[in-house]
Structure formats: structure tokens, C-alpha cells
Amino acid sequence: MHIKAVFHQFVRAVMAVYFIAAAMLACLQYFALTLAAAPDLQPVHTDGLVVATGGQQRISDGLRLVRDGVSDRMLITGVGTGITKDSLAEIFAHTQEEEQILSCCVELDRTAMDTKGNALAARRWAEAHQLASLSLVTANYHMPRALLLFRRIMPGRTIHGLPVIPRDLQPARWYADWPTAKLLAKEYAKYMFAILSTNIMSD
């Protein structure tokens, strides 16, 4: 009887692990499939535009959005030490108009080290310029967590997400691409932690 009891406990433990793993994979699949697959073609005009660094494509898209009239000013958060507008212009300004935008309408933040830091830097910037609404430019896989933190830190301001679609990201087939699977699993875990932290703080 003792052996049978141990065996039954083992089977129950294996089944529990199986169902937990299946649930986690299902949640990750839902997260991957609900990421934005295309950029917003008609973004609304906002008082300011914030680019959270982490991918070169984000800065390029930010400049294009300012050029297209989505906002009149832009903040790039978390730029590295030694990065200047001139060095950014060499890489990202493909036209004279974009060079002018970098010169006149872009501010750089060097304090942010993570997403929360990005949100805090954006709040200081918004307060300094009395901006009531912001457009947030970041990668589509980062957008759910970024919006959650930005809105939590700036509850009195309207935050619109403008996701950048990384060219090499394959969310629909994440399970067949190890770099994508690793990236999405890590980001999903951070997103879940951010949700739990928000719920704990609100209780």
C-alpha cells in the first residue's frame, strides 16, 4: 500500500507539473499572438512623443512620426553616455528635415536604465513642458508592459502606444525560433510581474 500511495502521489505531481506547463505555454502563445502585427496607420496627435531606447528602429520611427505631425516634440529615454544629437543624426537622420527635427525638437534622457526609468524620465519631461498626452514608441513585444508602467506612473496623462514591429521577430512561430521564444518568454514574465506588482500596490 505504501508503494501504491507513493506512486499515486508521483502521478499527481507529474500531472500538476504538466497542467502548469501547459497553462504557461498557452498564456505565452496568447501573449505572442496578440502583439501588434502592424503599426498604427492613423496615430492621434499628442503633446509629446517618447521613444524608449532598445532598438535602432524605434528612433527612426520616432523621427518619422514627428515629421508626419504626430507630435511637435520628442524625448529619447535611456541613451548611452557620450551619445549626442549629432551622433544620432549621423545614423538616423536620412533627410535634412529629420536633421532639423533632431536639432530643434528632440531631447535626450541619460538617466533611464529600465522601463520604469523610462516612465519616470517621461513624467519629468511631461511635467516640465506641461504635456497632457504622450505617444509611446517602443517594440510591440515591450509595449504591454511599457504602457502598464507609463500609465501607472502618469495616471493623470493620456498615453497612446505606437508599437514598432521588429523586422526579425516571428511571434506567430515563436516556438520554432529560439531567439524569439527566449525574448518573448522573458518579456512575458516581466509583464506578469508588473501586473502582480500593480495589483499589490492597488490593494
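The legends below describe close-up views of a predicted model. Residues are numbered from 1 along each chain as its sequence is written, and side-chain values use heavy atoms, without hydrogens and water. Local features need pLDDT of at least 70 and side-chain atom pairs pLDDT 80 or more, while totals for chains, interfaces and linings use all residues.

View 1. T46 lies in the loop between α1 (2–33) and β1 (48–52); helices (H or I, at least four residues) and strands (E, at least two) are DSSP runs numbered from the N terminus. With a relative accessible area of 1%, T46 is buried (buried is under 20%, exposed over 50%, partly exposed in between; 1.4 Å probe, protein chains only). Beyond its neighbours within four places in sequence, T46 is in contact (heavy atoms within 4.5 Å) with V70, S71, S133, L134, S135 and H160.

**View 2. The salt bridge between D68 and R64.** The side chains of D68 and R64 meet at 3.8 Å, N to O, in a salt bridge (a side-chain nitrogen of Lys or Arg within 4 Å of a carboxyl oxygen of Asp or Glu). D68 is partly exposed at 48% relative accessibility, and R64 is partly exposed at 31%.

**View 3. The salt bridge between E98 and R67.** These two side chains meet at 3.6 Å, N to O. The pair links distant parts of the chain, with E98 in helix α4 (residues 96–105) and R67 in helix α2 (residues 56–67), 31 residues apart. E98 is buried at 6% relative accessible area, whereas R67 is partly exposed at 35%. R64, R67, D68 and E98 are linked in a network of salt bridges.
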